Amino acid sequence: MASSSSVRSPPAASCWAALPRDVLWSLFTDLGQREVLSGAGLACAPWRHLARDEAALWRRIDLTTVAGDTVPGCWKAMALAAIDRSAGHCEAFWGRADDEVLLYLADRASYMKSLRITSSYDVSSKVFAELIKKFPLLEELQLVLKSDAYTTKSKEPHTNSWLELFQSACQACGNLHHFTVQLADKDMSYDSYSYYGSKDRSARRFSIPMMHGLHSLELFGGHLTMDVMMKIVDNCPSLESLHINGIPYLYVRTGGEGAEGQVL
C-alpha cells in the first residue's frame, strides 16, 4: 500500500505564477485569445499582467474559434477588450463585428492588414464607407454578412449593397490583394431578380479605380449585372482568381437606359 507521502499534491499557485514568460506565452497561444479573455488571463497576477499589458499578444486578433455565444453581448465585450489590449498595433482582426466594433477598431488600428468580419447584426454601407478609409494598408478583406446587415437603411430603394462595400474598399485600400464577400440568407427569388436586375441604380453608377494589386475576388450571393462584372475585370488587371457562387444569373442590358435585358 502506497504511503501518503507518495501521493502527489497539485502544484501550488506560486508554481503557476512562476512560469517563465516564454512558456506562458506559448500556453496563451495554444489556448487561444477567447480562452485568455474569458478566464485564463485572470488566473494570477503574472498571467493578468501578460494578458492585459503585452500588446504583441494581440497584434493579430482571432475570435472566430467558437461556434456560438452563450452569453448575450459577450462577443462584443471580448472584441472591444482585445482591441484595447492591442494598444494601436493590431494588424489583423478576425471575428464577429457590427458598426460599433468596426468604428472602435478603425480609430485604434491604423496598421490593419487583414480584416475578416462576420456580422449577424448591423454593418451598414454608409458607416463602412467611412471607416474603411482608416485602413490604407489593408491587404485582405473578408465580409460574411446576414441579409439585414447589408440592406441600406433609408427611404431610398434598397441597393445591391455588396457592390457599395466592394466599391468603398477599392477606393480606400489601394493595397488590397484579396477580397471576399458572402451574403447569407439572401432572397434569390425571381421578384428579387426583377428589382436588382432591371432597376438597380447602384449597378449603373458602380465604378472602381484601377486595382493592380487585387489577385483574388470571391463573391457569394446577391445579384450581378454583366456590365458590373466587366467593369471589375477591366479594372483588376492582376486578377488571378475570380470565384462567383450563389448568384443565380447575370443580367445583360441589350439597349440603352431603361431598355429590356436578358438573363444568362
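Leaving out residues up to four places away in sequence, F166 touches F179, F206, I208, L214, L217 and I232; a contact here is a pair of heavy atoms within 4.5 Å. This is a predicted model, in which local features need pLDDT of at least 70 and side-chain atom pairs count only at pLDDT 80 or more, while totals for chains, interfaces and linings use all residues. Residues are numbered from 1 along each chain as its sequence is written, and side-chain values use heavy atoms, without hydrogens and water.

F166 belongs to the largest nonpolar core, which has 60 residues; F166, F93, F135 and L141 touch the most other members. Helix α8, residues 161-172, gives this core its largest share, seven residues. A nonpolar core is a set of buried Ala, Val, Leu, Ile, Met, Phe, Trp, Tyr and Cys residues joined through side-chain atoms within 4.5 Å. Helices (H or I, at least four residues) and strands (E, at least two) are DSSP runs numbered from the N terminus.

S168 is also in helix α8. S168 counts as buried because its relative accessible area is 12%; buried means under 20%, exposed over 50%, and partly exposed in between, with a 1.4 Å probe and protein chains only. A polar atom of the S168 side chain lies 2.9 Å from the backbone oxygen of E164. Beyond four places in sequence, S168 is in contact with F128, A129 and I132.

T64 is found in the loop between β1 and α5 (74-85). With a relative accessible area of 45%, T64 is partly exposed. The T64 side chain makes a polar contact with the side chain of D62 at 2.6 Å. Such a contact is a pair of N or O atoms within 3.5 Å; within protein, one must be able to donate a hydrogen and the other to accept it, and residues adjacent in sequence count only if both atoms are side-chain atoms. Setting aside neighbours within four places in sequence, T64 is in contact with R34, W94 and G95. R96 is 32 residues from T64 in sequence, yet their C-alpha atoms are 7.3 Å apart.

The largest pocket is lined by 14 residues, and F28, T29, Q33, L57 and R60 lie nearest its centre. Elements that each supply at least two lining residues are α2 (21-31), α3 (33-38) and β1 (60-62). The lining of the largest pocket divides into six nonpolar, four polar and four charged residues; Ala, Val, Leu, Ile, Met, Phe, Trp, Tyr, Cys and Pro count as nonpolar, Asp, Glu, Lys and Arg as charged, and the others, Gly among them, as polar. On a 1 Å grid over the protein atoms alone, a pocket is an open set of points where a 1.4 Å probe fits, with protein on both sides within 12 Å along at least five of seven lines, and lining residues have an atom within 4 Å of a point.
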